[in-house]
Amino acid sequence: MHLSSTLAAAVALPLASAQLNQLAQKAGKLYFGTATDTGELTNAEYVSILTNTKEFGQLTPANGMKWQFIEPENGVFNFTEGEIVSNLAAKDKQLLRCHNLVWHSQLAPWVTATTWDKANLTAMLREHVYREASHWRGQCYAWDVVNEGLNEDGTYRSDVFYDTLGDEYFKIAFEEAARADPGAKLYYNDYNIESPGPKSEGAKRIVRLIQDAGLRIDGVGLQSHFIVGETPTIDQQISNMRGFTDLGVDVAITELDIRLQLPADAENLAQQSVDYRTSVGACMQVKRCVGVTVWDFYDPFSWVPGVFAGFGDATLYFDNFTKHPAYNGVVEALTNNTKCKPRPSKMLKRSKPLIV
Ligand code: G3I
């Protein structure tokens, strides 16, 4: 389901010359990027936008670096699927966010089918993380080292790694990733940690866990899979980001999409534009928010309709490659907030609420 071209034309603003990565870099960010996947690369019109570095300066493989592709059998490594996107990024000199080394989902079946003890799971996990991260050594701007390790209440998620190793598995993963690729920024990445609350506190606990062990963690990835009209406010997003950067790590918006209840109409598209502007605007206001990645930019390639019945049109481009009004919301955020305001000293008396 998608918007008729008449309606799309009526709600789209004429900012055709604006290009997202160019604007983001001009405003002091490292990149504006997108996720993509191998099956999408046969669509020539899609690829021409994907590889336009004025539009996207960074790519994330949506699937190809996940465990099921990388180590489909114990000790058998296959990097082919992940290399499709990493080679594409290298060709066009786009930054690469590598995703991901350890996750409870999209594991190879043998991982959950095996009965592990602490010693053999530690050895296996070290081997997996080291082999994968060293394969792409020097190519990844950042690695999502551990993905989605938390429950909604901020406690650790039960999975094969946590159930056998406890929180030790985070340390193992970050230690091996650092050893394998000293130049890559190492991130913890999760959803529903974009506003202050128990899950965001859980992510801070992970940052401190790694730091207290004397290991390196460089950033926290805020996935930002949102629903139109229900996104956290800009103040919530900014103060949440600052909660992480105060620990001495970067943040990035790593998987932004904002789904709407179909059908799209002028009203929900206008709200979606506001919501995209809010999230990108929050990143613009926080110096250590290094960049924004959308979780694909073309509606037909979004994961949303397959998972959330009745929802869709979550990205920046419609089926016919016209732009959502939200594209202009992003442009506004990238152009209206070009300066990161200095953070007032804690001693300073303020008349206005602190947003930086
Ligand atoms: O590989 C099989 C293929 O062999 C089969 O023919 C096909 C039939 O449906 O399925 C293929 O697997 C699909 C896989 O993507 C690779 O394309 C799965 O069905 C599909 O469920 C899977 O979805 C991915 C999802 O992660 C799985 O959780 C999405 O594409 C991907 O965008 C999504 O990305 C995640 C991030 O990694 C972490 N954060 C949430 C985000 C959205 O779910």
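Colleague: Where does the ligand sit?

Modeller: The model is a predicted one. A molecule counts as sitting in a pocket if more than half of its atoms lie within 2 Å of the grid points of that pocket. By this test, the ligand sits in the largest pocket.

Colleague: How much space lies in the largest pocket?

Modeller: Rolling a probe the size of a water molecule over the atoms shows where empty space is left. For the largest pocket, the space comes to about 420 Å³.

Colleague: Which residues that line the largest pocket are the closest to its centre?

Modeller: The lining of this pocket holds 22 residues. They divide into seven nonpolar, eight polar and seven charged. Closest to the centre are Lys66, His225, Glu255, Trp295 and Trp303.

Colleague: How do the residues of the shell around the ligand divide?

Modeller: The residues around the ligand include Asn63, His99, Trp103 and Glu148. Lys66 and Glu255 also belong to this group. The shell divides into three nonpolar, six polar and three charged residues.

Colleague: How far is a polar side-chain atom of glutamate 255 from a nitrogen atom of the ligand?

Modeller: A polar contact is a pair of N or O atoms within 3.5 Å. In glutamate 148, an N or O atom of the side chain is 2.8 Å from a nitrogen atom of the ligand. For glutamate 255, the distance from a polar side-chain atom to a ligand nitrogen is 2.7 Å.

Colleague: Why is the disulfide of cysteine 98 and cysteine 140 described by a handedness, and which one?

Modeller: A disulfide is a covalent bond between the sulfur atoms of two cysteines. Cysteine 98 and cysteine 140 are joined in this way, with S to S 2.1 Å. The torsion about their S-S bond is about -85 degrees, so the disulfide is left-handed.

Key
Residues are numbered from 1 along each chain as its sequence is written. This is a predicted model: local features need pLDDT of at least 70, side-chain atom pairs count only at pLDDT 80 or more; totals for chains, interfaces and linings use all residues. Side-chain values use heavy atoms; hydrogens and water are left out. A residue is near a molecule or strand if one of its heavy atoms lies within 4 Å of it. A polar contact is a pair of N or O atoms within 3.5 Å; within protein, one must be able to donate a hydrogen and the other to accept it, and residues adjacent in sequence count only if both atoms are side-chain atoms. On a 1 Å grid over the protein atoms alone, a cavity is a set of points where a 1.4 Å probe fits but cannot get out, and a pocket is an open set with protein on both sides within 12 Å along at least five of seven lines; lining residues have an atom within 4 Å of a point. Ala, Val, Leu, Ile, Met, Phe, Trp, Tyr, Cys and Pro count as nonpolar, Asp, Glu, Lys and Arg as charged, and the others, Gly among them, as polar. Grid points are joined across faces, edges and corners, and a volume is the space filled by probe spheres set on the points. A disulfide is a pair of cysteine sulfur atoms within 2.5 Å.
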